Amino acid sequence: EMHSLKKLSDGISYTIYYKTNDAQINNNVLPEIKKLASLLKEYPTIQIQINGYTDYRGTDSDNLILSKKRIENVRDEFIKAGISEQRFQMHAYGEREAFAYEGDQESYVFDRRVKIKLTLNQEI
């Protein structure tokens, strides 16, 4: 068990992808969040960082709001599953860290995401 927990010092991540201009978590992902929350309840030292991103479409301010809604929805699902609010660090980036080229519509799906990172470190 300790060996597995020590691997977390490098971090483990999970990514959720979204439809355009949508902050709702896909129903297929909700059971995965519940499973992860169930595991996290057993290990209160694991910290949870949730980062939200968007693609380039929309204004900077709208994209920042959308990425914030995405991370809040993910956090709320963990809280509903019994995870303490104190375990989360959240960052909304909007389009600031998009990797698709502007105009490459097929790649935009990879920018519309929330990344969940788990680590033992207090500072993540």
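Is Arg-57 buried, exposed or partly exposed? At 30% relative accessibility, Arg-57 counts as partly exposed, where buried means under 20% relative accessible area, exposed over 50%, and partly exposed in between (1.4 Å probe, protein chains only).

## Basis of the report

This is a predicted model, in which local features need pLDDT of at least 70 and side-chain atom pairs count only at pLDDT 80 or more, while totals for chains, interfaces and linings use all residues. Residues are numbered from 1 along each chain as its sequence is written, and side-chain values use heavy atoms, with hydrogens and water left out.

## The sheet

Four strands form an open sheet in the order E1-E4-E2-E3, with mixed pairing. Strand E1 (12-17) and strand E3 (88-94) stand at the edges with a single partner strand each, so one side of each has no neighbour in the sheet. Helices (H or I, at least four residues) and strands (E, at least two) are DSSP runs, numbered from the N terminus, and two strands pair if DSSP finds at least two bridges between them.

E1 and E4 are antiparallel, with six bridges, and Tyr-14 stands opposite Ile-116 in E4. E2 and E4 also pair in the antiparallel sense over six bridges; here Gln-49 stands opposite Lys-117 in E4. By contrast, strand E2 (residues 47-53) and E3 run parallel, joined by six bridges, and Ile-50 has Met-90 as its bridge partner in E3.

## Salt bridges

The structure holds six salt bridges, each a side-chain nitrogen of Lys or Arg within 4 Å of a carboxyl oxygen of Asp or Glu. In one of them, the closest N and O atoms of Asp-55 and Arg-57 are 2.8 Å apart. Asp-55 is buried, at 4% relative accessible area. A network of salt bridges links Asp-55, Arg-57 and Arg-112.

Glu-77 forms a salt bridge with Lys-80, at 3.1 Å between the closest N and O atoms. Glu-77 and Lys-80 are three residues apart in helix H3, and therefore separated by about one helical turn. Glu-77 counts as buried at 17% relative accessibility, whereas Lys-80 is exposed at 66%.
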